Amino acid sequence: MNFKSDLRFNSRFWEVPDAPYDPDAPVCDWPNCDGVGEFKAPKSRENLREYHHFCLDHVREYNKRWNYYEGMDTADIERDMRKDYTWDRPSWNFGTFKQAPGSKGGGFKDDFGFFNQDGTFKGEPEDDMAQFDWEERKAFALLDLKPGVTLDELKARYKVLVKKHHPDANNGDKDAEERFKIISQAYTLLKNVIVE
Ligand SMILES: [Zn+2]
């Protein structure tokens with residue numbers, strides 16, 4: 001994680017509103033968000049004069065991806081945002097997964113440090129992640145795997161996680177059900193990405 005570049009980005013591009021609520025602020029540009037788009041961020045490096053309007057959560061998310069977006073044009077970036085949404089809902093929320101030590105439930109270990117302390121995704125890929133898109137990186141992170149794993153290793157990992165997070169093993173717990181769904185999606189995605 002490169003906090004310095006984040007901060008530079010923030011001070012250059014974030015336009016913090018004077019008032020906490022601006023009735024004229026447009027709706028957040030993030031797919032299917034109805035937050036107030038109080039914060040502005042440039043549409044791409046090639047298009048620094050046109051802005052997206054985001055709510056606070058989404059300007060932060062966008063900001064985190066800024067380095068990943070390097071070399072992409074505006075259309076690519078918007079496609080990426082939409083694509084993220086399709087796999088995203090209802091709750092592709094890393095905060096749910098990163099649980100306090102000793103808490104009940106199925107928090108992920110995050111052995112490789114993909115997450116910030118508050119459970120948000122760091123979004124600064126290591127070199128061996130560079131070939132993977134955002135969605136694939138998230139899948140690796142969720143399964144606690146590094147690129148370079150074999151298909152057999154992926155399957156073995158999936159088996160372990162299924163056992164742990166399956167709703168039946170958690171008395172039909174709603175969160176477990178959600179985690180299970182997301183793990184399955186991540187597994188399906190990576191199965192098609194990992195080539196032997
Ligand atoms: Zn938003």
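This passage walks through the fold of one protein chain, starting with the overall picture and ending with a few single residues.

The structure is a predicted model, so a bit of bookkeeping comes with it: local features need pLDDT of at least 70, side-chain atom pairs count only at pLDDT 80 or more, and totals for chains, interfaces and linings use all residues. Residues are numbered from 1 along each chain as its sequence is written.

Taken as a whole, the protein chain has seven helices and two strands. Here helices (H or I, at least four residues) and strands (E, at least two) are DSSP runs, numbered from the N terminus. Read from the N terminus on, the order of elements is α-β-β-α-α-α-α-α-α. The protein chain has 196 residues, and 22% of them count as buried. The label "buried" needs 20 or more other C-beta atoms within 10 Å of a residue's own, "exposed" goes with 12 or fewer, and "partly exposed" sits in between, with C-beta atoms placed from the backbone. As for contacts between residues at least 6 apart in sequence, 53% join residues at least 24 apart. A contact is a pair of residues whose C-beta atoms, placed from the backbone, lie within 7 Å.

Next come the strands. Strand β1 (residues 39-44) and strand β2 (residues 47-54) run antiparallel and are joined by five bridges. Two strands pair if DSSP finds at least two bridges between them. Together β1 and β2 form a hairpin, with two residues between them. How do individual residues line up across it? K40 stands opposite H53 in β2, and P42 has Y51 in β2 as its bridge partner.

R60 belongs to helix α2 (residues 56-65). Is R60 buried or partly exposed? R60 has 17 other C-beta atoms within 10 Å, so it is partly exposed. R60 and A41 are 19 residues apart in sequence, while their C-alpha atoms are 9.8 Å apart in space.

Then there is helix packing, with α7 taking part in two contacts described here. Helix α5 (residues 134-143) and helix α7 (residues 174-191) have axes that come within 9 Å and cross at roughly 120 degrees. That angle makes α5 oblique to α7. The axes are lines fitted to C-alpha atoms, for helices over the stretch in contact, and angles run from 0 to 180 degrees between N-to-C directions. Angles under 35 degrees count as roughly parallel, over 145 as roughly antiparallel, 65 to 115 as roughly perpendicular, and the rest as oblique. The crossing of α5 past α7 is left-handed, meaning that the near helix is turned anticlockwise from the far one by less than a right angle (clockwise would be right-handed). On the α5 side, the residues that meet α7 are E135, E136, A139, F140, L142 and L143, and their counterparts in α7 are I182, I183, A186, Y187, L189 and L190. Sorted by class, the contact of α5 with α7 has 10 nonpolar, no polar and two charged residues. For these classes, Ala, Val, Leu, Ile, Met, Phe, Trp, Tyr, Cys and Pro count as nonpolar, Asp, Glu, Lys and Arg as charged, and the others, Gly among them, as polar.

What about α6 and α7? These two helices pack at an angle of about 170 degrees, with axes 10 Å apart. They are therefore roughly antiparallel to each other. From α6, L154, Y158, L161 and H165 meet A176, R179, F180, I183, Y187, L190 and K191 of α7. This contact of α6 with α7 divides into eight nonpolar, one polar and two charged residues.

A few single residues round out this region. D144 sits in the loop between α5 and α6, and its phi is near 60 degrees, a positive value in a residue other than glycine. D144 counts as partly exposed because it has 15 C-beta neighbours inside 10 Å. K164 lies in helix α6 (residues 151-165), and with 14 C-beta neighbours inside 10 Å, K164 is partly exposed as well. K164 and A176 are 12 residues apart in sequence and 8.9 Å apart, C-alpha to C-alpha.

T188 is found in helix α7. T188 has 12 other C-beta atoms within 10 Å, so it is exposed.

Terms used: Two residues are in contact if their C-beta atoms, placed from the backbone, lie within 7 Å.
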